[in-house]
Amino acid sequence: METAEYISYRVSDRSFDEVQLRISNELQVNAFNIVFELNIAKALEAVSKSLEKQPLLQNAISIGFCKPSVSYQMVDKSIDTLLYCPLKLVIFQSKDSSEVTVSFLKTPKLSDQADPKKVDEMIEHIISSGLDQ
């Protein structure tokens with residue numbers, strides 16, 4: 001699914017752990033450093049307990065990733081693109097679904113100099129390649 005703001009891939013034939021492993025491996029194969037992996041589901045589960053609500057997510061992780069050459073190209077075009085370093089994607093699974101979703105925000109055009117389309121296409125390729133394995 002693609003909107004003006006983000007792109008999502010829905011996966012129904014693989015487990016959450018397999019999708020996470022494939023995407024992480026594909027990032028590394030493409031020379032990206034994984035800067036962080038945040039367990040969003042765990043954090044939200046703690047909040048839901050304190051609010052006496054049901055957890056919303058079965059699994060959710062946010063992955064921040066960086067490749068110095070890509071960061072340099074982005075910042076060389078517009079210093080404002082530092083807002084997107086590191087790049088980020090999320091992999092999640094709702095509490096009542098076996099379907100796994102991989103999403104990333106599209107990089108907005110911050111200046112006439114910077115064309116974010118190339119970065120978005122690169123991320124799309126990495127996700128597609130990881131899921132096609």
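Guide: In this predicted model, a residue is called exposed when its relative accessible area is over 50%, and buried when that value is under 20%. By that cut-off, Pro68, Tyr72, Gln73 and Asp76 of helix α3 are exposed.

Visitor: Which residues of α3 are buried?

Guide: The buried residues of α3, which spans residues 68–77, are Val70, Ser71 and Met74.

Visitor: Why are the buried residues said to line one face of the helix?

Guide: Seen down the axis of α3, the buried residues fall within an arc of 100 degrees, so they line one face. The exposed residues Pro68, Tyr72, Gln73 and Asp76 are on the other side.

Visitor: What covers the buried residues of α3?

Guide: The cover includes strands β3 (57–66) and β4 (87–94) and helix α4 (117–132).

Visitor: Why is Arg22 called buried?

Guide: Arg22 has a relative accessible area of 15%, and the cut-off for buried is under 20%, so Arg22 counts as buried.

Visitor: What makes Arg22 and Glu18 a salt bridge?

Guide: Their closest N and O atoms are 2.8 Å apart, and the cut-off is within 4 Å, so the pair qualifies. Both residues lie in helix α1 (residues 16–29), four residues apart, about one turn of the helix.

Visitor: Is Glu18 called buried, exposed or partly exposed, and why?

Guide: Glu18 has a relative accessible area of 30%.

Visitor: Which salt bridge links distant parts of the chain?

Guide: The side chains of Lys106 and Glu2 meet at 2.6 Å, N to O. Lys106 is in the loop between β5 (100–105) and α4, and Glu2 is in the segment before β1, 104 residues apart.

Visitor: Why is the chain called as compact as a globular protein of its length?

Guide: The chain has four helices and five strands. Its radius of gyration is 16 Å, close to the 14 Å that the globule rule gives for 133 residues, so the chain is as compact as a globular protein of that length.

Conventions: Residues numbered from 1 in each chain as written. Predicted model: local features only at pLDDT ≥ 70, side-chain atom pairs only at ≥ 80, totals over all residues. Heavy atoms only, no water. Buried < 20%, exposed > 50% of the residue type's maximum accessible area, 1.4 Å probe, protein only. Helix = DSSP H or I, 4+ residues; strand = E, 2+ residues; numbered from the N terminus. Arc of directions from axis to C-beta. Contact = heavy atoms within 4.5 Å. Rg over C-alpha atoms; globule rule 2.2 N^0.38 Å.
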